[in-house]
Amino acid sequence: MGKLNNMAAMFLMLFVSSIAKAQTENVFDITSYGGKHDKDITLALLDAFGDACESPTPSKVLIPKGTFLLGQVSFNGPCRKGVEFQVQGTLIAQTDKQMKEDSSWVAFQHIDHLRLSGGGTFDGQGPKAWGTCGKNSYCKNLHINLMFNTITNGVVQDITSKDSKQFHVNVLGCKNLSLKRFTISAPEDSINTDGIHIGKSAAVNITDSNIATGDDCVSMGDGSQEIIVERVTCGPGHGISVGNLGNHENEEPVFGVTVRNCTISNTMNGVSIKTWPASYEGSVHNMVFEDIIMNNVSNPVLIDQVYCPWNQCNAKLPSQVKINDVSFKNIRGTSATPVAVKLACSSGFPCQGVEIADIDLTYTGKEAAAAVSQCSNIDPKISGKMNPPACSSPVTITP
């Protein structure tokens, strides 16, 4: 009996050992590929991902705690199984090496079941590039920190994007992607540093995140469908926006957007829908903005269908983007300008099915003036408390 017990114990030890070995084999630590602290780990990381992508079982690429330099990389699938990138350390963008223009610093492409986590930071070294904007054409080609292109069933959580040279995150052609407990950090005067931009993607959720940047905290372009932005703190920046739409032919509809339980502070806009005048055809429908706190926001509630920055368009021709079924509910706080609510719809295609309810926004500027709301080409459904009074002043449009 004792001999049998010894054999059973030996087999058990071998079994446990084989499981532990299998688990170790599925973790691809960049230090095992020559990655070292304060050194360029680009090749090591690509090699680790290559092995993880070919693994017959779900695998993990590990970047341990510490500081690492990283050049321009693209992690391209499809992979045999799901891949997790566990970034525990800080990745610093290489700024003294040649990088392709008009692209991203770190790209994840064509991967099913991608997971990016670990509490780490992607530092884009934006301050070394922002000063070039306005001086030469390079500012048009600054790099995006993180690109997610054609990702299906992805999760990004507990990650920080810091000082991206351009957009922090670009989500394109993705389906079922969640970004949660995501932190974005850049100064208010950083140019074109949108926090998270979404385009041609469906079922994208952004939750429990903190975004401080120099442009839109979250922006949704054409083809954004079934998007949820919830429990997000935004500011500084330009708020949470849909648009700018209608500037290109054959843009896909935007619908099913919900922005809920967010706090927006010290931003240019609060929640907004923006379309170009003299635009191509397009549509925006089934939008919900509710339970939102505004703190010192210049344009807390905004529909702007005559969006024409730097006079780059013909404002005399109406936007052809149709807006319908939109609700603004339970939005409260303070406005940095007297116009707390502005609904400037297209004269060619007036907004339809817009509801505003329980708005309480107070102007806190130096002038002795109460907040007002402005409306044009819209007949909204109004209910609940309304401060300022709904559509109390017409919109003045100057071509």
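1. In this predicted model, H238 is in contact with G214, D215, D216, T267, M268 and N269, leaving aside its neighbours within four places in sequence. H238 itself sits in the loop between β19 (225-234) and β20 (240-245).

2. A second residue to look at is V155, which belongs to strand β11 (residues 152-157). Its relative accessible area is 19%. Because buried means under 20%, V155 counts as buried.

3. Which residues does V155 touch, not counting those up to four places away in sequence? They are L114, R115, L116, L177, S178 and K180. For S178 a C-alpha to C-alpha distance can be given: V155 and S178 are 4.8 Å apart in space, while 23 residues separate V155 from S178 in sequence.

4. Strand β4 (residues 73-76) has two faces. V73 and F75 make up the covered face, and S74 and N76 the uncovered one. As background, side chains in a regular strand alternate between the two faces of the sheet.

5. How many bridges join β4 and strand β7 (residues 104-109), and in which sense do they pair? There are four bridges, and the pairing is parallel.

Methods:
Residues numbered from 1 in each chain as written. Predicted model: local features only at pLDDT ≥ 70, side-chain atom pairs only at ≥ 80, totals over all residues. Heavy atoms only, no water. Buried < 20%, exposed > 50% of the residue type's maximum accessible area, 1.4 Å probe, protein only. Contact = heavy atoms within 4.5 Å. Pairing = 2+ DSSP bridges.
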